[in-house]
Amino acid sequence: MTKKNILIVEDEPFLGLNIKQKIESFGFHVIAVVPSGDEAFQIVSEKVPDLILMDINLEGSLDGIDTAESLREQFSVPVLFLTGFLDDTAKQRINQNPSYAYLMKPFTTDQLKEAVSGFAV
């Protein structure tokens, strides 16, 4: 069985590294950790991941949901949003797409593993 490839889009470097270490400890491969939607596009255009872990608040002009929608249109990649704040509008935007899910920060290692494993079958 090949390892699933995961891209992490997180604008807080320490948190991105922490998530990367956890994901790798679950047996998945992390392609990269990037802070912005623009950088996510660069990575995905080179190597399409099996799953993207996406913060909603990102550096740059696009938020995580806008970035995810553009990536989904071009590459059909499922997205797990990792966020500390989710207003009703953002929740509606996420719930409109069946290839999206979200996990609220702070989350436990077990919650992260369960959420990622649900995608990576």
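Two strands count as paired if DSSP finds at least two bridges between them. In this predicted model, strand β4 (residues 79–83) is joined to β5 by 5 bridges, and the two strands run parallel.

Strands β4 and β5 belong to an open sheet of 5 strands, with parallel pairing and the order β2-β1-β3-β4-β5. At the edges lie β2 (29–34) and β5 (100–104), each of which pairs on one side only. On average, neighbouring strands of this sheet are turned by 20 degrees against each other, direction ignored. In general, the strands of a sheet pair through backbone hydrogen bonds, either parallel or antiparallel.

**Residue D55 in strand β3**

Strand β3 (residues 51–55) includes D55. The UniProt record, an unreviewed entry, carries the annotation "modified residue: 4-aspartylphosphate" for D55. Is D55 buried or exposed? Its relative accessible area is 5%, and buried means under 20%, so D55 is buried. Not counting residues up to four places away in sequence, D55 touches V9, E10, D11, G64, L82, T83 and K105.

**Residue T67 in helix α3**

Helix α3 (residues 64–75) is the place of T67. T67 has a relative accessibility of 0% and therefore counts as buried. Leaving aside neighbours within four places in sequence, T67 is in contact with G37, A40, F41, M54, L58 and L62.

The two residues are set side by side below.

| Residue | Element | Relative accessible area |
|---|---|---|
| D55 | strand β3 (residues 51–55) | 5% |
| T67 | helix α3 (residues 64–75) | 0% |

**Helices α3 and α4**

Helix α4 (residues 88–95) lies across β4 and β5, and runs at about 140 degrees to β5. Helix α4 also meets α3: I65, D66 and E69 in α3 are in contact with A90, R93 and I94 in α4. How do the axes of α3 and α4 cross, and within what distance do they come? The axes come within 11 Å and cross at roughly 15 degrees. Angles under 35 degrees count as roughly parallel, and α3 and α4 are therefore roughly parallel to each other. The crossing of α3 and α4 is left-handed.

Notes: Residues numbered from 1 in each chain as written. Predicted model: local features only at pLDDT ≥ 70, side-chain atom pairs only at ≥ 80, totals over all residues. Heavy atoms only, no water. Helix = DSSP H or I, 4+ residues; strand = E, 2+ residues; numbered from the N terminus. Buried < 20%, exposed > 50% of the residue type's maximum accessible area, 1.4 Å probe, protein only. Contact = heavy atoms within 4.5 Å. Axes fitted to C-alpha atoms, helices over the stretch in contact; angles between N-to-C directions. UniProt positions renumbered as here; feature names shortened; annotations may be inferred. Parallel < 35°, antiparallel > 145°, perpendicular 65-115°, else oblique. Left-handed = near helix turned anticlockwise from the far one by under 90°.
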